Amino acid sequence: MAAEMATALHTVPILQSRFLEGLKHSERAEVLAAASSRMVRRDGVVSQQGDPADWLFLVLKGYARYFLLAPDGKKIDLFWLTAGGVSGAAAMLPQPSRYLVSTEAVTDARFLVWHRGKLRALATRFPTLLD
């Protein structure tokens, strides 16, 4: 897995992710090193609508999508994420928030994840993350 992670971190979609845009190479490396890796199986929920927005997720490999549950219980698909896409940006807000939509893996997927506290500390050091 370590070799897979090292390779994935240097792929074009990850390096060109809007989340990392504007960071110098050394800053990007530091932000990526602060992340954990999480594997989510196909149809697994990554984040749940209404839950505390405690984590930010960056798709390393596979596909995910945003969806929401309507008041009548109907699932509404919203937007697909590919490698480099980010979910859970509410975790970056100054005040604790909740996820407005859910995210699920459409395929087996690997994510880089940052806890809100670590993410906020990184954003203090690298304000470009908030752009």
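**Close-up 1. Buried residues of helix 4 in the predicted model.** In helix 4 (residues 116-125), Arg 116, Leu 119, Leu 122 and Ala 123 are buried. Their directions span an arc of only 125 degrees around the axis, so they sit on the same side of helix 4. The spacing has a simple background. An α-helix has 3.6 residues a turn, so residues three or four places apart point the same way. Thr 124 and Arg 125 lie on the other side of helix 4 and are exposed. The coordinates shown are those of a predicted model. What do the buried residues of helix 4 pack against? Their partners are helix 3 (25-33), strand 3 (55-61) and strand 8 (109-115).

Close-up 2. The side chains of Arg 125 and Glu 30 form a salt bridge, at 2.1 Å from N to O. Arg 125 belongs to helix 4 and Glu 30 to helix 3. The two residues are 95 residues apart, and the pair links distant parts of the chain. Arg 125 has a relative accessible area of 52%. With the cut-off for exposed at over 50%, Arg 125 therefore counts as exposed. Glu 30 is partly exposed, at a relative accessible area of 33%.

**Close-up 3. The loop between strand 1 and strand 2.** Arg 41 and Asp 108 form a salt bridge, with 3.2 Å between the closest N and O atoms. Again the pair links distant parts of the chain, 67 residues apart. Arg 41 is in the loop between strand 1 and strand 2. Asp 108 is in the loop between strand 7 (102-105) and strand 8. Asp 108 is partly exposed, at 38%. Asp 43 also lies in the loop between strand 1 (36-40) and strand 2 (45-47). The phi of Asp 43 is near 70 degrees, a positive value in a residue other than glycine.

Close-up 4. The structure has 5 salt bridges. Arg 65 and Glu 104 make one of them, with the closest N and O atoms 2.8 Å apart. Arg 65 is in strand 4 (residues 64-69) and Glu 104 in strand 7. These two are 39 residues apart, so this pair too links distant parts of the chain. Both Arg 65 and Glu 104 are buried. Which residues make up the network of salt bridges? They are Arg 65, Lys 75, Asp 77 and Glu 104.

**Close-up 5. Aromatic pairs.** There are 3 aromatic pairs in the structure. One of them is Phe 57 with Phe 111, whose ring centres are 6.2 Å apart. Their planes stand at 80 degrees, so the pair is edge-to-face. Phe 57 lies in strand 3 and Phe 111 in strand 8, so the pair ties together parts 54 residues apart in sequence. Phe 57 and Phe 111 are both buried. Tyr 66 and Phe 79 form another aromatic pair, and this one is stacked. Here the centre-to-centre distance is 6.1 Å, with 25 degrees between the planes. Tyr 66 is in strand 4 and Phe 79 in strand 5 (residues 75-81), 13 residues apart. Phe 79 counts as partly exposed, at 49% relative accessibility.

**Close-up 6. Strand 8 and its neighbours.** Strand 8 is mostly covered, with 6 of its 7 residues buried. How many bridges join strand 1 to strand 8? There are 5, and the two strands run antiparallel. Met 39 has Arg 110 in strand 8 as its bridge partner. Strand 3 also pairs with strand 8 in the antiparallel sense, over 6 bridges. Leu 56 stands opposite Trp 114 of strand 8. Strand 8 is also one of the elements that the buried residues of helix 4 pack against.

**Close-up 7. Arg 38 over a tryptophan ring.** Arg 38 lies over the face of Trp 55. The distance from the ring centre is 5.2 Å.

Note on methods
Residues are numbered from 1 along each chain as its sequence is written. Side-chain values use heavy atoms; hydrogens and water are left out. Helices (H or I, at least four residues) and strands (E, at least two) are DSSP runs, numbered from the N terminus. Buried means under 20% relative accessible area, exposed over 50%, partly exposed in between (1.4 Å probe, protein chains only). The arc is that of the directions from the helix axis to the C-beta atoms. Contact means heavy atoms within 4.5 Å. A salt bridge is a side-chain nitrogen of Lys or Arg within 4 Å of a carboxyl oxygen of Asp or Glu. Rings of Phe, Tyr and Trp (its six-membered ring) pair if their centres lie within 6.5 Å; planes under 30 degrees apart count as stacked, over 60 as edge-to-face and the rest as tilted. A charge sits over a ring if NZ of Lys or CZ of Arg is within 6 Å of the ring centre and within 35 degrees of the ring normal. Two strands pair if DSSP finds at least two bridges between them.
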